[in-house]
Amino acid sequence: MLIAHGGFDFAETFDRFAPLLADGGWRVVSWDQRGHGDSAHAELYSWDADLRDAVAVLRSVTDKPLPVLGHSKGGGLMMNLAEMRPDLVSAVINLDGLPSKRSVPDIADHERSKLMVQDLTNRFNFRRHAHEEVRRPGTLEGLAERRGRMNPRLPTEWLQYLVSVGAKQDDEGWRWKLDPSMKFGGFGPNRPEWGLGRMAGLQVPLLAVLGSEVEEMSWGTKPEDVEPWLPYGARFEPLEGVGHFVHIEQPRLIADMTLEFLG
């Protein structure tokens with residue numbers, strides 16, 4: 001099983017969850033996406049580049065179709081992979097990667113071209129200064145506290161563990177390993193919410209899980225935003241009282257749901 005982390009995260013965010021899938025008989029493979037975790041910083045970040053990287057990882061594991069699972073951005077990435085290459089994917093599990101701004105799911109080609117120019121301009125303006133930036137140093141506890149403001153439902157012990165594997169220590173203190181020049185989404189006219197409109201065309205089995213508690217890093221999507229776009233036969237699980245990081249808050253529940261779905 002291939003599993004993809006969310007934006008500005010890293011593979012170790014699955015460290016509580018992945019062993020439960022392994023106990024269920026699966027070999028679980030994940031990777032740090034470019035600019036994240038221990039992967040190298042890149043000259044270019046884009047959705048297409050992330051997709052190509054995902055295919056490269058998949059091909060390094062097997063030449064047969066396999067199930068893919070993704071959280072947040074990783075969920076959208078895996079749905080897009082299954083949409084473009086259904087021959088590589090046997091099933092998709094999307095963990096709170098169903099962004100919606102309640103807008104029209106697609107746009108005309110001339111509008112897409114305008115967005116390309118806008119995105120490129122914004123990206124270059126951002127990159128012009130960001131390539132010289134370094135992340136602000138701090139203590140392990142301080143970085144955990146800052147992360148906790150975005151993920152208030154996660155326990156302090158887990159947040160401190162995330163810092164220990166997702167950050168690095170130097171003479172000045174701890175810094176996240178993330179490339180500070182990286183901007184969510186990368187180049188190109190791609191909007192996360194467009195994936196919801198394309199979801200209806202998926203040709204592989206889909207399990208979609210939605211956390212209902214709105215947090216700073218969540219999409220704010222509601223069940224009624226998702227239901228019209230579900231492909232035939234999909235399983236949809238909205239979870240009350242669970243936030244964006246469904247697999248960290250409820251690892252046993254999500255693992256059992258995944259194993260049952262794949263079984």
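What follows is a set of questions and answers on this predicted model.

Q: How many helices and strands does the protein chain have, and what percentage of its residues is buried?
A: Start with the elements: the protein chain has 10 helices and eight strands. A residue counts as buried when its relative accessible area is under 20%. Across the 263 residues of the protein chain, the buried share is 51%.

Q: Of the contacts in the protein chain with a separation of 6 or more, what share is between residues 24 or more positions apart?
A: The contacts in question join residues with a separation of 6 or more. Those between residues 24 or more positions apart come to 77%.

Q: What share of the accessible surface of the protein chain belongs to carbon and sulfur atoms?
A: The protein chain has an accessible surface of about 12600 Å². Carbon and sulfur atoms account for 52%.

Q: Which element gives the most to the lining of the largest pocket?
A: The largest pocket, at about 650 Å³, is lined by 22 residues. Both α5 (140–150) and β6 (173–176) supply at least two of the lining residues. The top contributor, with four residues, is α5.

Q: Which residues lie nearest the centre of the largest pocket, and how many of its lining residues are charged?
A: Nearest the centre you'll find Gly-7, Phe-8, Met-150, Leu-178 and Met-217.

Q: Is Leu-2 buried or exposed?
A: Leu-2 sits in strand β1 (residues 2–4). Its contacts beyond four places in sequence include Val-29, Trp-31, Ala-54 and Val-57. Leu-69 is 67 residues away in sequence, yet the C-alpha to C-alpha distance is 6.2 Å. With a relative accessible area of 0%, Leu-2 is therefore buried.

Q: What covers the buried residues of α6?
A: In α6 (residues 156–166), the buried residues are Trp-158, Leu-159, Leu-162, Val-163, Val-165 and Gly-166. An α-helix has 3.6 residues a turn, so residues three or four places apart point the same way. The cover over the buried residues of α6 includes α5, β5 (167–170), β6 and α9 (246–249).

Q: What is the phi of Ser-72, and is this residue buried or exposed?
A: Most residues other than glycine have a negative phi. Ser-72, in the loop between β3 and α3, has a positive phi of about 55 degrees. Its relative accessibility is 8%, so Ser-72 counts as buried.

Q: Where does Asp-96 lie, and what is its phi?
A: Asp-96 has a relative accessible area of 3%, so this residue is buried. Asp-96 lies in the loop between β4 and α4 (109–130). Although Asp-96 is not a glycine, its phi is positive, at about 50 degrees.

Technical notes. Residues numbered from 1 in each chain as written. Predicted model: local features only at pLDDT ≥ 70, side-chain atom pairs only at ≥ 80, totals over all residues. Heavy atoms only, no water. 1 Å grid on protein atoms, 1.4 Å probe; cavity = no way out; pocket = protein on both sides within 12 Å on 5 of 7 lines; lining within 4 Å. Points joined across faces, edges and corners; volume = space filled by probe spheres on them. Buried < 20%, exposed > 50% of the residue type's maximum accessible area, 1.4 Å probe, protein only. Contact = heavy atoms within 4.5 Å. Areas by Shrake-Rupley, 256 points an atom, 1.4 Å probe, with all protein chains shown as cover.
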